[in-house]
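Hello,

Please find the structure we talked about below. My notes on what turned up in it follow.

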Amino acid sequence: MKEKWNYILYLIWFAYLILSAVLMFGHGFLLSRKTLSDVTKCVPLTEIGCDGWEKGNSTEVCKEDVKIRRLLANPGSEIACVPAEFRVALVLVDALRYDFTEYDGGIEKPLPYQNRLPVMKEMLDRWPERTRLFRFMADPPTTTLQRIKALVTGSLPTFVDASSNFAAMELQEDNLIDQVTKGGGKLVLLGDDTWSRLMPGRWLRSHAMYSFHTWDLDTVDTEVDSKVYDELKKDDWNLLIAHYLGVDHAGHRYGPNHPEMTRKLDETNTRLKRFINELPPDVLLFVIGDHGMTETGDHGGESKAERTAAMFAYRGNGLGGNSSPSNIGAEVQQTDLAPTLSAALGRPPPAPSLGSLLLPVLPTMSVPYTLLHITNNLKQIRQYLVRYGEESQQISLDRLAQLINATREQLDKASSIETDEELANYVADVRALIENVRNVFREVWVEFDSLSMLRALLLLILAIFFNWLITEGLPMDRVPLIFASSFVPTGFVAMAVCIGVCYSAYFFEILDDLEHAIILSTGLISGAITCTLVIMHWDGVTQRWYEGRSQFYERFARAAIVASAVVLVSNSYIIEEGAGLSFLSLSVLALIAWNVGTIKALAMWACCGVVLALTRSYRGCREEQGDCWTAGEGAPSGQASRAALVLALGSVAAVVAVARRHVGWRGYGVVLSGLFACAHWAVGWGTLGSPSRSRLLARGSWLVIVTMFALLWRRDGQGATLPLTVCGLLFYVANTLVLGAAFAPSAALALLTGFLVLTIVSMEKNSTSTKFSLSTRCSSSVACAWALLASYFFYGTGHHATLGHVRWAPAFHAGDPNYLAIGPPITAALVSIDLFGMPLMFGAAVPLLALWGKNGASNVGPRTQLAAVFSLCLKFALCFAIRVFVCAMSATIHCRHLMIWGVFTPKLLFETGACAAALVGCVFGAALATWHIPTAHRSS
Amino acid sequence: MFSLNNQLELRKVTISSLITCIYLPSIITFISYRGLLYSVGNGSSFYILVLIFLAELLKSFYLNASSDIQAKKNKASKSRVSDILKSFVFLLVVLFSYFVGIILFGAPLLECHEETLMLAALMTLLTVFPLIAHTGVEASMQLVFGIKTYGKDTIIQMLINNSLLTVCGAWLGAVVIPLDWNTPWQQWPIPCYLGAVGGYVLSNVLTVLKVSLMTAAQKYPALNFVVKVMNSLHNAKKI
């Protein structure tokens, strides 16, 4: 039995290949940015002494101008609040492309979107000093959520804003809205509810409406119109935000070349006229688009048409800056909005902002005030550079130091500026500098590394293809011989050599990126080795394929797993994946049961169907599933209701009580942990509960579970079935603990489904005899059905593939782990068990598929048992690998898609997590089975 | 595969399939011209089911009108009423199991029962009803549960083929439901309903095609190759 552990080593090898390739893909694909929790603070001018430093006890009195001059002479001083405050009305017309706002009377046959906003042209002609119109350049991804985030923070959007807590959708960084509320300003919101979800609780009055019905052009707009004019008359707000969605929705539904677009733009025109007439002359009016649209009306990518939005500014009392007509249509960046608006509202720029002040859209100010605003902007950027350098190594230190020095130089110059001409030059210099800073950051945040993405896809396909040949091609009777040979050790030695070579090359500075090189070389060498194996056994492969095609239900199952992966290229199927997976797994099971052909099997199948139907009540829904989401089913409930508690207690008690009788002495451990879990919920429930005792009980349960996992390795010579069953039960109890009382019954349903499927599978018989046959019990149909179920129960336990659906309560159910030295790993482990506990449990139970039942493999020789367990595990792992591969593929294809950050990337992340959990579970289960399968006698 | 031994049966199979190929598409065309295509899930479209029922019944009379008509009549007249009653109960049971099965596969659990019921009724009508009308309750029960094999009976073979393709069609119809195209025909149960009808028609078209090809191949042996290919396809489909 030399080959015994070679099987496990091979599975680990496979898991390494898949996960390392996915890791490499992630490095190239996931743009990341470190989120800092800093907040810009400003000191009011009244608290600043005449020497330009913060006032101590001195009671000197001096003029404001002198004070500001002194302040400017101290480049190291704090940011000072500018006393001038204006009220701002920000009208966001979603997807207002720049050319919608242009007016050219010379066009004979205007397109449906041309010449529809004559009011802007009219104002520009009549009052050039009151009106400005710019091209408002957005950074990709040009989706509304990312744009709003970027507009209020003044930063560049990326997908992973790696912050300490990304549980809620709530914006964690300093932003314009927070700055205004901190300064005591009042805010009013009308329209798109994305704002109120990003920044809840900051609004004096909020009339937010659900924004995902992209085919409804009017509801939100009429609702905003009915409120906005009353709001404009009131003067209790400092910043009013009105977000109109009609133009965007008209684009999504009909595209810009459609009469509906004409209608929506005409409505916008009337609205703007009314705003301009009704607004008091001192209020600043900004009309901006957050992004443009393509000729088909979509957005999200980085084409010029999508990036070019419009910005229109108007103030009855006139604006500062240069009002020459040549400035109309100049390009300004969307990052500039946050510092500009904060300046208008008398606040410093938000901490993460990378924008510069847009003086032309601010009211005319005296030179010292202007200088004060500009230095505030510079100081904030300098601070951000320093802090970002401290927190992240994404940008090389030399580069950062260079930028910081440049800002310092500009700050030093500020005090020497007197005339308007000098000021204009200075402003241009500062703009150029900030532009430079922004470009440096954009380079690291916004570029995909397509080379490593493609390499990772190549490695994935290599691993999947050759392992598929090994499972489906190699004759079963040769498998033990191959693994008894030096195949696996050769592979490991080759990989070790690769790592050694890479490391020495890195040591001698021939290579820059060690990790990349190691992953690439080991992946390629493993591909070569498996390829050699397949070539050496090609006669066997061809013979097996010649001898017969597999059964219809088996081919159907393979097609089902491939189909379940391939549909992930479409966003609709990702959104509805829960239903799709249950549909497919039930179909595969139906064919298996039909093939067994007894009434009992069909009844088992029906029970399976009923159980899967019951899990629907736990499935919930995500934001894109409009009707269901607005009905309020999407929000996961925090505290379990009384009925849910009873269900949870009942399900755990029933499972534990039934299971205990069949698993011997190990049952007591399961019972004990189950009891602790029940007590944990019961004691912690409601207002009468005692949270501290409840946490203690949860810890007790975890202790029992961990002890039992250790005890699982005690051999008792009765085969592997019992320990594997107990292992599954322990994973079940662990799952119920992290899922909490509200979702615990769904774990019981998963366990029940698993049991039913095992029973159906054990009823399968060979065409010739009822004895165990490798080809039937280890067919890919069984592995595929199991993999589909494992993927389904991610949804079945109430999860969804969006970052907003990650529950963080599991991390704290047994006390706050942050007080411990090993806190972060514990938090990560608990949350990932909550998310991927089901693939883990199903993965660990894969060997049972071969061993379960009277005619299971447990009655045949250990060699056959091992080969059966191994081939099932590899097939199961392959199913998940295929799904991850297709997810990575679709992320590559769609990397400029509208929903890439909302749908495809989260799916890739969660699928990777599920794959990793399944692989870990699979290796664990296989190792447990190998440990318990008795060593062969010499005769066998 | 159909045998060429029994010319009479072959002719019956061909003609009944031809009738189906004509009447079902004409019903669908008719209701789509009347603008009623998207209301097939409502109870108000019950008349379609009645029409299909009548057509299938007439077809079964035609199929049953065999040469030994005398013998059958004697047997049948005795227990006519109880036979009809039995088949009615059996149809109800099948209807119910279709209903439950469709819900298990993912139809809405608590609402849209009317729509699901219409789909289940259509599938019962297209799959099990022709079998019952042709062979009687006992035999079709045995066929369903796989106790009896249908061997060389061409007509039963055709009927079973029809039912299999109908179920496949309804299964495939579900594929378009999750797509976000917001078209009116994505409403439950229209895709499955039309899929079932489509599968049934397709199966009949295939039957006609096969029989005509086989007869043609007798005259022109060159066509034998095509027949072989169709045979192998057929065998691949049938497990």
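**Cores of chain A**

In this predicted model, the largest nonpolar core holds 224 residues, and A:L11, A:I18, A:W786 and A:A877 are the ones that touch the most other members. The element that gives the most to this core is helix α29 (residues 721–763) of chain A, which supplies 28 residues. At least three residues come from each of domain 1 (1–31 + 450–548) and domain 3 (549–932) of chain A. Apart from this core lies another, of 103 residues, which includes A:Y98, A:I241, A:L319 and A:L371.

Leaving aside neighbours within four places in sequence, A:I18 is in contact with A:L460, A:A463, A:A881, A:V884, A:C915 and A:L919.

**Domains of chain A**

Chain A is divided into domain 1 (1–31 + 450–548), domain 2 (35–84 + 365–447) and domain 3 (549–932). Taken over C-alpha atoms, the centres of domain 2 and domain 3 of chain A are separated by 55 Å.

**A:I434**

A:I434 is found in helix α15 (residues 420–446) of chain A. Is A:I434 buried or exposed? A residue is buried if 20 or more other C-beta atoms lie within 10 Å of its own; A:I434 has 26 C-beta neighbours inside 10 Å, so it counts as buried. Not counting residues up to four places away in sequence, A:I434 touches A:S356 and A:I381. With A:S356, the separation is 78 residues in sequence and 6.4 Å in space, C-alpha to C-alpha.

**Chain B**

In chain B, the axes of helix α1 (residues 7–33) and helix α2 (residues 46–64) come within 11 Å and cross at roughly 170°. Angles over 145 degrees count as roughly antiparallel, and α1(B) and α2(B) are therefore roughly antiparallel to each other. On the α1(B) side, the residues that meet α2(B) are B:K12, B:S16, B:I19, B:Y23, B:I27 and B:I31. Their counterparts in α2(B) are B:I48, B:L51, B:A55, B:K59, B:Y62 and B:L63. By type, the residues of this contact are nine nonpolar, one polar and two charged.

**Where the chains meet**

How many residues does the contact take from each chain? Chain A puts in 17 residues and chain B 13 residues. The side of chain B that touches chain A divides into nine nonpolar residues, three polar and one charged.

Regards

Terms used. Residues numbered from 1 in each chain as written. Chains lettered and ligands numbered in written order. Predicted model: local features only at pLDDT ≥ 70, side-chain atom pairs only at ≥ 80, totals over all residues. Contact = placed C-beta atoms within 7 Å. Nonpolar A, V, L, I, M, F, W, Y, C, P; charged D, E, K, R; others polar. Core = buried A, V, L, I, M, F, W, Y, C linked by C-beta atoms within 7 Å. Buried ≥ 20, exposed ≤ 12 C-beta atoms within 10 Å, placed from the backbone. Helix = DSSP H or I, 4+ residues; strand = E, 2+ residues; numbered from the N terminus. Domains from an automatic or database assignment. Axes fitted to C-alpha atoms, helices over the stretch in contact; angles between N-to-C directions. Parallel < 35°, antiparallel > 145°, perpendicular 65-115°, else oblique.
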